[in-house]
Amino acid sequence: MLSINTNLSSLIAQRSLNNSTLLLNQAIERMTTGYKINHAKDNAANYAIATDMTTKIGAYQVAEDNTAMGMDLVRTADDTLSVISSNLNRLRALAEQAANGTYGKQSINAINTEAKAIIEEMYRIKNNAEYNGQKLFGKSPIDEGNVGASGLEVNEQGFLQDVVKRDTSSMIKMESVNETTKLAKGTYSISTADELAKLARMQNAGRITAGSEFVLAADIDLSDYASGEGWIPIGGNNGYGNDNNRFSSTLDGNGYKISNLVINSTKPCRGLIGAGKNATIKNLGIESGNISTTNGNIGPLVGLNYEKINVSNCYAKVNVTADIGNSGGLIGYANADGVGTSNVEYCYATGEVKNHGNAGGLIGAGTNGLMVTNCFATGNITTDINGGGVIGSGSASVDNCFATGNIICTGRVAGGIIGNLGDGSGGNRKITNSHYTGNIIGAEETGGIFGNIGWNYNSLLVENCYVVGNVEGTEMVGGLIGVLDCGNGIINNCHFVGKVSGQSNTGSLVGSDEVSTQTFKNCTYSGGEPAGFGNAVLENVQDASLNISLQVGINADENSQIQLNSLFVLGGLKDIFTLGLQSNKALSIIDNYIARVSEIQTNLGSIENRLESALEEISTHYENLSSSRSTLKDADIADVSSEYIRQQILQQASATLLATANQSPSLALQLI
């Protein structure tokens, strides 16, 4: 039908022209963007899937950058530790060099000067190491120098305090006294081993008047008294003695040393002094020897003391082995008997101690009223029960002391400073300004400062102390304290860096606080839970672990993160100057720090390997997602260009036919 009102041909041509134009524009868009899906209307399902893939691809790109930065951080830390390790190796070389007896005072001073500079440089490097403002090894109060023992240094004489030697020329010589009669109270000089042995015989026979004073006038070698049973002690030869033959006088070493103290005995109360009462010993060094007994109350300086004892500026370098308890590197049993205060100050011991109970690096056991200040012990401890770096067992107070020996306690109760604080009998106890650097392997009730505190304490103060090392036990194990069973107690500004392991009731600060409520204030620890069990109150207590979280994935879960704990402290390294750089223990301490650096570097190496693996995984995910998104979204240009040409031709055809169709109404007019 020919009509002038309706041009159906034109409408058909217009529709075809619109469709071809729309498809042509779509082809142009796809060719210019490179995507076949540019809008949700293009393919709603695939558009949503591709959008999600795009988000993940962007996340993987960020994760790749994060992982690369994490590797840079780890490598920076590792390189810094390599510098510290080099300094430690140099420090060790200096210590080994200083141990050679061919060096004089001036040479040793020069070695110490370099060693101190090296340590200060290590502190500077460690404290300033950072990456993008992130501290790499943490900043601990331990390394800031405001906790732990300080100011202790063995002088050239071998003592902690300088000794001004007394003139003994006007004193009565022991060789001149009559051994068969009771010695009048007075001051006597001792210059030889025979004179010292004479004092022992007279004391054991009850012929020494209490309150006398005996002053060494020379170094004494006891080699002539090393055979058989060895040295017969001054006082209590047959055991615990009595008031008549217990040493109740003053022994002034006058800055001299006794060497080759050898004891092999089945009797109790063995030492230079076997049994004493109200004894005073000062300015005396015991340089070498060995004590082995099948009994108890053993110490190189004093085996057992009754009532009060005052020991100052003394040291011992003697190993002690006993079958029974109460053995110490200096004193076996410092008994105060509740009649006053027993003081042990400015003393140290370096020998190993082995027994079956109450073994201490300095003192095996003590009773209420014992005060230990400005002392240290470096010997390893092996015992069945109550092992302590300074004191094995005893209700003592300790200030400005430290211990470095490893402790093995096969039974129960071990502590880096005191093993068992015992029964306080209503007293107040303080452990202040002290530290322990070593490793403890115990069983029940094991702690870095002390293992157990018993009943009857009115109060306990543990302040400004730290522990660096590993504490291992079975139950009731704490980085600072194993068990608290006392009255009110405050543990303030104390810090633990290391690992705590146990089967139950294990905490990085305290293992068990069952009976009472103790307050831990301003303390830090390195990982884990601060308290294993109990009622401990925590005030401003922080986990000082340097837990750097490296984001290596695209999600918020733990599978997308790698945790790095690179907390490292140098606290305790300066103890080598207390001991003397030339001492064997200095080498041991340096070796421990070399091992710690190596352990951290090993951990960093494993983290770096994980980061490399994560980086490879990220690349794989990125490639796979990009390929999948390309399949969904990318345009096939060859196909689209063909479609473009086809639609262009159709557009041209539609336009031509539309022009022809538009002429149809004019044909109808020709018929009129």
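Is Asp-52 buried, partly exposed or exposed? I started there, and Asp-52 turns out to be partly exposed, at a relative accessible area of 41%. My scale calls a residue buried under 20% relative accessible area, exposed over 50%, and partly exposed in between, using a 1.4 Å probe and protein chains only.

Ground rules, jotted down before going on. I am working on a predicted model, where local features need pLDDT of at least 70, side-chain atom pairs count only at pLDDT 80 or more, and totals for chains, interfaces and linings use all residues. Residues are numbered from 1 along each chain as its sequence is written, and side-chain values use heavy atoms, with hydrogens and water left out.

**Entry: salt bridges**

I looked up the total and got 18 salt bridges in the structure. The rule is a side-chain nitrogen of Lys or Arg within 4 Å of a carboxyl oxygen of Asp or Glu.

Back to Asp-52: its salt-bridge partner is Lys-56, with the closest N and O atoms 3.8 Å apart. The two are separated by about one helical turn, because they sit 4 residues apart in helix H2 (residues 44-98). For helices I take DSSP runs of H or I with at least four residues, and for strands runs of E with at least two, numbered from the N terminus. Lys-56 is also partly exposed, at 35%.

Next I checked Glu-120, which forms a salt bridge with Lys-574; the closest N and O atoms are 3.3 Å apart. Glu-120 lies in helix H3 (residues 105-128) and Lys-574 in the loop between strand E48 (561-565) and helix H6 (575-579), so this pair ties together parts that are 454 residues apart in sequence. Glu-120 is partly exposed at 44% relative accessibility, and Lys-574 is partly exposed at 38%.

Then Asp-143 and Lys-126, whose side chains meet in a salt bridge at 2.8 Å, N to O. With Asp-143 in helix H4 (residues 141-144) and Lys-126 in helix H3, the pair ties together parts that are 17 residues apart in sequence. Both Asp-143 and Lys-126 are buried.

I also noted a network of salt bridges that links Arg-75, Glu-608 and Glu-612.

**Entry: Thr-113**

While in helix H3 I looked at Thr-113, which is found there. Thr-113 counts as exposed, at 54% relative accessibility. From Thr-113 to Leu-136 I get 28 Å, C-alpha to C-alpha, for 23 residues in sequence.

**Entry: nonpolar cores**

Which residues touch the most other members of the largest nonpolar core? They are Ile-281, Val-372 and Phe-450, in a core of 92 residues. Helix H5 (residues 193-204) gives the most to this core, with 6 residues. There is a second, separate core of 64 residues; Phe-159 and Val-597 are among them. By core I mean a set of buried Ala, Val, Leu, Ile, Met, Phe, Trp, Tyr and Cys residues joined through side-chain atoms within 4.5 Å.

**Entry: Ser-212**

I found Ser-212 in the loop between H5 and strand E5 (213-216). Ser-212 is buried, with a relative accessible area of 0%. Its side chain reaches the backbone oxygen of Thr-209 at 2.8 Å. Leaving aside neighbours within four places in sequence, Ser-212 is in contact (heavy atoms within 4.5 Å) with Ala-184, Lys-185, Gly-186, Ser-249 and Thr-250.

A cavity here is a set of points, on a 1 Å grid over the protein atoms alone, where a 1.4 Å probe fits but cannot get out; lining residues have an atom within 4 Å of a point. Grid points are joined across faces, edges and corners, and the volume is the space filled by probe spheres set on the points.

The largest cavity holds about 40 Å³ of space. Its lining is Thr-404, Thr-437, Gly-438, Ile-589, Asn-592, Tyr-593 and Arg-596. Helix H7 (residues 584-633) gives the most to that lining, with 4 residues.

I picked out Tyr-593, which lies in helix H7 and counts as buried at 2% relative accessibility. Not counting residues up to four places away in sequence, Tyr-593 touches Leu-88, Val-569, Leu-570, Gly-571, Gly-572 and Leu-573. A polar atom of the Tyr-593 side chain lies 3.5 Å from the backbone oxygen of Leu-570. The C-alpha atoms of Tyr-593 and Gly-572 are separated by 9.4 Å, with the two residues 21 apart along the chain.

How values were computed
A polar contact is a pair of N or O atoms within 3.5 Å; within protein, one must be able to donate a hydrogen and the other to accept it, and residues adjacent in sequence count only if both atoms are side-chain atoms. On a 1 Å grid over the protein atoms alone, a cavity is a set of points where a 1.4 Å probe fits but cannot get out, and a pocket is an open set with protein on both sides within 12 Å along at least five of seven lines; lining residues have an atom within 4 Å of a point.
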